[in-house]
Amino acid sequence: MIKKIILCATLVPILSFANVIKDNSISDVPKEIKNNREKKVQEKVPKTVIIKTKKFKIRIDKQPNGNYLYQSWGANTKITAKPSMIISDGELIPDGSGGNYYYEFNNNNYSYKVYRNYLTNSATKPAYTLVVTDIEGKTFVRQDGKVVKN
């Protein structure tokens, strides 16, 4: 009987302490991790990047309001020419915890995503990938690209 009393007396404080940890700090950790991840991604993102794929040149610029501007030309067109497409109000979205991210732009029921491929399983993986899909998720364009200017 004395053994049971001693056991209960030692377990109650341990279990109480575990509940305090659970209630106070563990729930805050995911927010902190998420904020740190987003901050680290923001530090790696250039204000302007120019990418060349097989068929396109793409320029992405960070705007003063914090959104991104997408401009594209044909692959053989000079970037000083008028862009064939301009999409404003793009977002930067962290992708995983390793530093990858992508830009997302929406235009006339199409989604334009430009993925930054920092972490890959392949040493030959290109720096960026352009993916254009419709609202149903059908992929129309998937092209790898390299940085022309950063």
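Arg59 has a relative accessibility of 27% and is therefore classed as partly exposed; this class lies between buried, under 20% relative accessible area, and exposed, over 50% (1.4 Å probe, protein chains only). The model is a predicted one, in which local features need pLDDT of at least 70 and side-chain atom pairs count only at pLDDT 80 or more, whereas totals for chains, interfaces and linings use all residues. Residues are numbered from 1 along each chain as its sequence is written, and side-chain values use heavy atoms, with hydrogens and water left out.

Arg59 is joined to Asp61 by a salt bridge, with 2.9 Å between the closest N and O atoms; the term denotes a side-chain nitrogen of Lys or Arg within 4 Å of a carboxyl oxygen of Asp or Glu. Asp61 counts as buried, because its relative accessibility is 8%. The structure contains two salt bridges. In the other, Glu104 meets Lys113 at an N to O distance of 3.8 Å, and Glu104 is buried at 18% relative accessible area.

Strand 6 (residues 110-116) runs antiparallel to strand 7, and seven bridges join them. Strands (E, at least two residues) are DSSP runs, numbered from the N terminus, and two of them pair if DSSP finds at least two bridges between them. Within this pairing, Tyr112 has Val132 of strand 7 as its bridge partner.

Strand 7 (residues 128-134) is largely enclosed by the rest of the structure, because seven of its seven residues are buried. Tyr128, Leu130, Val132 and Asp134 point one way from strand 7, while Thr129, Val131 and Thr133 point the other way, and all are buried.

How values were computed:
Helices (H or I, at least four residues) and strands (E, at least two) are DSSP runs, numbered from the N terminus.
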